[in-house]
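This briefing concerns the pocket and the nonpolar cores of the structure shown below. Please read it with the sequence and the model side by side.

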Amino acid sequence: MSIFISGFCLLTVTERVTKAKHIQFLSGVYAINFWLSALVWDFFIFFISCCLLLVILVTDYHFLDTLFILMLFGWSVIPFMYLISFLFSSHTSAYIKLLLFSWGSSFHIKHANVIVFLIIDKESASKSHMLNSMMLLPIHNLGMSISRYYDFQQTKATCASKKNVPIFMNCSEEGNVYGLEADAIGRFLIAMAVTGLIFFLLIFLLETTSWTMRTFVFRSIFFGIYKKFNKVMSMELSVESEDEDVQNERNRILEYPQESLNSTVLIKELAKIYFAMPAVFAVRNISVAIKKEECFGLLGLNGAGKTTSFQILTGEEVATSGDVFIEHLSITKNVLKVRSKIGYCPQFDALLDYMTAREIMTMYARLWGIPEKQINHYVNKSIQSLNLEPYADKFIYTYSGGNKRRLSTAIALMGKPSVIFLDEPSTGMDPVARRLLWNTVTQTRESGKVIIITSHSMEECDALCTRLAIMVKGKFVCLGSPQHLKNKFGNVYILKAKIKIDKDENKLKDFKDFMATTFPGSELKHENQGILDYYVPSKDNSWGKMFGILEEAKEEFHLEDYSISQITLEQVFLTFANPENTEAHG
């Protein structure tokens, strides 16, 4: 029995850890519906299994009585397993530990009952408390119910035979096995019925009130105390940004009323502190307003605060201070309403391995409220948009990483969310799939939705983002369109020159000397078989001037080919990512 009941934690832990449950909540599922449907299905499985077990194993038939005891046990133990599963972050670890707990508790509690009866005085209050506390464990109630029921039937059979009746056995009174007496099972059956309801209510309260409780604890208590005793932190959170664009955006959000900003997403002085020793500043007072039909990119090295920001924006984490407004609704105060306006593709795929792409997309289409008659057409269109037709009817666990990312993105784009969060959506995709994804995301943005994306591909951000911010140590260090950032921080041109060294190798050295004297401050970044990559300062060097000079020098230095380009977004990013430049750029 321990092996069987421990399995009820597997899917609940998997869905929570992979964020499949969170995606379902974002798609419109209420906590009561999620857990009640899980309970009904698991209880049905438990009922069928118990019926088969009794048909095979029970020889001396009291089928209905035994089945009734087992059904109450199932009602009690399934919510108990759900509740305990919140303590685990791995489904295999949860299963093994709960298996050992169930087996160990059933073995040891039986002996504990005997010890309590033998050692502690009969009328002792502590004895009563100890026995009653054991009734919180479903496995204890099952064991006692089966044991007492068996003893009762044995006594009844012995008294009925009237042969070799022990002296201590009272056959004059016919007791009720379902009574509340010490030797009856009524108390244990009531305990299973009541604890099952209590466990289920605790799960529901944990899902619905945990956000309010965490908000109060972290924002009002921890942050209030920490701010009071740590003046340095208060100054650090209120300090102005060194970047003009970031500070102007912040001033605009703080000075103007929310309605006048005309933004779908408003992030206002958002901060997140992990209260450890010492405290960790994950996000430091970021502010930005994002309008309809914008694709906003959030860039930064690992540990810069991108993932924490995404967790706050999607209602997974509570902000320490500040707030996020989606269509004028505060995520701090109205998290349930805000969730229904969000589509989310997490960094790691929140998929159910033993479903097909068509099945899981049909499920999410129903959750979003797509009319039943339109679901097949809607799902087929979504599958075609990301070229998933060859894999649509295969189990998800057979997919490659790139195909899983495509499916996760397709799910995020389903329904009618106002804002879609994509956390590294193109990871593992081949170039064709990546281009297809970009086209789909662009079409979605042009339909009036807001896209917020994180990516390590600067090419992707350059292609998709209308605006972006680079995060360093939890704060924005620059903000603007990709072209604006390249113009602002791109103080160099990139020159690539190919020289025919097969005719005269000295020409290579002569060209290097020519670059050093003609373009002072130019830096040779890379050299390979006559191909030279230079960073040339843009100050006092216009495009026309450089092209003119190089065209005149083409024959002299045997220049086979050359090109001049602006600094790339990746090079701007690396400027801030470089620890040596972090201080200089804020």
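The lining of the largest pocket divides into 14 nonpolar, eight polar and five charged residues, where Ala, Val, Leu, Ile, Met, Phe, Trp, Tyr, Cys and Pro count as nonpolar, Asp, Glu, Lys and Arg as charged, and the others, Gly among them, as polar. The model is predicted, so local features need pLDDT of at least 70 and side-chain atom pairs pLDDT 80 or more, while totals for chains, interfaces and linings use all residues. Residues are numbered from 1 along each chain as its sequence is written, and side-chain values use heavy atoms, with hydrogens and water left out.

**Pocket**
- Of the 27 lining residues, Leu 11, Glu 15, Gln 24, Leu 352 and Met 355 lie nearest the centre of the largest pocket (a pocket is an open set of points on a 1 Å grid over the protein atoms alone, where a 1.4 Å probe fits, with protein on both sides within 12 Å along at least five of seven lines; lining residues have an atom within 4 Å of a point).
- Two or more lining residues come from each of α2 (10-17), α4 (31-57) and α15 (357-367), and α4 gives the most, with six (helices are DSSP runs of H or I, at least four residues, numbered from the N terminus).
- Because domain 1 (1-161 + 175-207) and domain 2 (246-485) both give residues to the lining, the largest pocket lies between them (domain bounds come from an automatic or database assignment).

**Nonpolar cores**
- The largest nonpolar core has 90 residues, and those with the most contacts inside it include Phe 296, Ile 360 and Leu 407 (a core is a set of buried Ala, Val, Leu, Ile, Met, Phe, Trp, Tyr and Cys residues joined through side-chain atoms within 4.5 Å; buried means under 20% relative accessible area with a 1.4 Å probe, protein chains only).
- This core draws at least three residues from each of domain 1 and domain 2.
- A second, separate core of 37 residues includes Leu 54, Leu 70, Phe 152 and Ile 203.

How values were computed
Buried means under 20% relative accessible area, exposed over 50%, partly exposed in between (1.4 Å probe, protein chains only).
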